Each structure stands twice: as structure tokens, then as C-alpha cells.
Amino acid sequence: MNDSFFKKIESKTGVPMEEVFALANAIQHANFNDERQVRKIVQKVGKLAKKNVPQHMEDELVKSIVKNGSSVNINDIQKMMGN
């Protein structure tokens with residue numbers, strides 16, 4: 001992909017592509033049974049999305065993801081966040 005494609009994404013989302021790639025890398029290599037790793041990912045996603053994730057919601061998300069291990073369902077996460 002060329003740089004202009006990434007620049008368009010950055011301008012529309014306001015998120016630097018370096019951060020998106022870092023998050024994708026963290027997710028790819030994450031152990032979804034490790035609560036600490038999952039919590040860091042949830043916090044990073046909230047930060048990148050510019051969403052305040054209340055502690056109780058973060059706890060629910062982490063619990064759900066850890067319970068399911070490697071099967072993370074984005075639709076379930078979006079429902080929990082009210083999107």
C-alpha cells in the first residue's frame with residue numbers, strides 16, 4: 001500500500017498508522033488468557049478510539065475476553081461498549 005492511502009486513513013481517523021500497526025502487532029502476539037495483556041489492549045483500543053472506558057466496563061471486557069481465550073468477538077465488544 002502506498003503512503004497516500006495511509007495518510008487518508010490518518011486524516012479521517014486522527015490516529016497515526018504507527019499506532020494502528022503497533023496495536024495490530026500487540027493483538028497478533030497477545031496471550032488472551034493473560035488478564036494483564038488483555039487489559040493493556042483494551043486500554044489501548046479505548047485510547048485510540050478516544051473513548052473513555054469506565055473501570056467496570058474494562059473489567060467486563062477483560063473478563064469476557066479472558067474467559068473466551070483466543071476467540072475475541074469484536075461484535076460482542078462493541079455491544080458491551082454500546083456501539
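The model is predicted: local features need pLDDT of at least 70 and side-chain atom pairs pLDDT 80 or more, whereas totals for chains, interfaces and linings use all residues. Residues are numbered from 1 along each chain as its sequence is written, and side-chain values use heavy atoms, without hydrogens and water.

Glu58 belongs to helix α4 (helices are DSSP runs of H or I with at least four residues, strands are runs of E with at least two, and both are numbered from the N terminus). With a relative accessible area of 6%, Glu58 is buried (buried means under 20%, exposed over 50%, and partly exposed in between, with a 1.4 Å probe and protein chains only). Apart from neighbours within four places in sequence, Glu58 is in contact with Arg39, Val42, Gln43 and Val53 (contact means heavy atoms within 4.5 Å).

Arg39, one of the residues in contact with Glu58, is located in helix α3. Arg39 is also buried, at 17% relative accessibility. Its side chain forms a polar contact of 2.9 Å with the side chain of Asp59. Beyond four places in sequence, Arg39 touches Gln55, Glu58, Asp59 and Val62. Its C-alpha atom lies 9.6 Å from that of Val66, a residue 27 positions away in sequence.

## Overall architecture

The secondary structure comprises 5 helices and 0 strands, and the order along the sequence is α-α-α-α-α. The protein has 83 residues, of which 22% count as buried. Among contacts with a separation of 6 or more, 39% come from residues 24 or more positions apart.

The protein exposes about 6,200 Å², and carbon and sulfur atoms supply 53% of that area (Shrake-Rupley method with a 1.4 Å probe; for residues, only the protein chains shown count as cover).

## Packing of α1 and α2

Helices α1 and α2 pack at about 95 degrees, and their axes are 9 Å apart (axes are lines fitted to C-alpha atoms, for helices over the stretch in contact, with angles from 0 to 180 degrees between N-to-C directions). The arrangement of α1 relative to α2 is therefore roughly perpendicular (65 to 115 degrees; under 35 is roughly parallel, over 145 roughly antiparallel, and the rest oblique). On the α1 side, Phe6, Ile9 and Glu10 meet Met17, Glu18 and Phe21 of α2.

## Aromatic cluster

The structure contains 2 aromatic pairs (rings of Phe, Tyr and Trp, the last by its six-membered ring, with centres within 6.5 Å; planes under 30 degrees apart are stacked, over 60 edge-to-face, and the rest tilted). The ring centres of Phe5 and Phe6 are 5.7 Å apart and the planes stand at 65 degrees, so this pair is edge-to-face. For Phe6 and Phe21, the centres are 5.5 Å apart and the planes are at 80 degrees, so that pair is edge-to-face. Phe6 lies in helix α1 (residues 3-13) and Phe21 in helix α2 (residues 17-28), so the pair ties together parts that are 15 residues apart in sequence.

Through these ring pairs, Phe5, Phe6 and Phe21 are linked into a cluster. Phe5 is partly exposed, at 37% relative accessible area, and Phe21 is likewise partly exposed, at 45%.

Val38 is part of helix α3. With a relative accessibility of 2%, Val38 is buried. Not counting residues up to four places away in sequence, Val38 touches Asn31, Phe32, Val62, Ile65 and Val66. The C-alpha atoms of Val38 and Ala26 are separated by 9.8 Å, and the two residues are 12 positions apart along the chain.

## Backbone at Lys50

Lys50 is placed in the loop between α3 (35-48) and α4 (55-68). Its phi is near 55 degrees, a positive value in a residue other than glycine. Most residues other than glycine have a negative phi. Lys50 is exposed, with a relative accessible area of 63%.

Notes:
A polar contact is a pair of N or O atoms within 3.5 Å; within protein, one must be able to donate a hydrogen and the other to accept it, and residues adjacent in sequence count only if both atoms are side-chain atoms.
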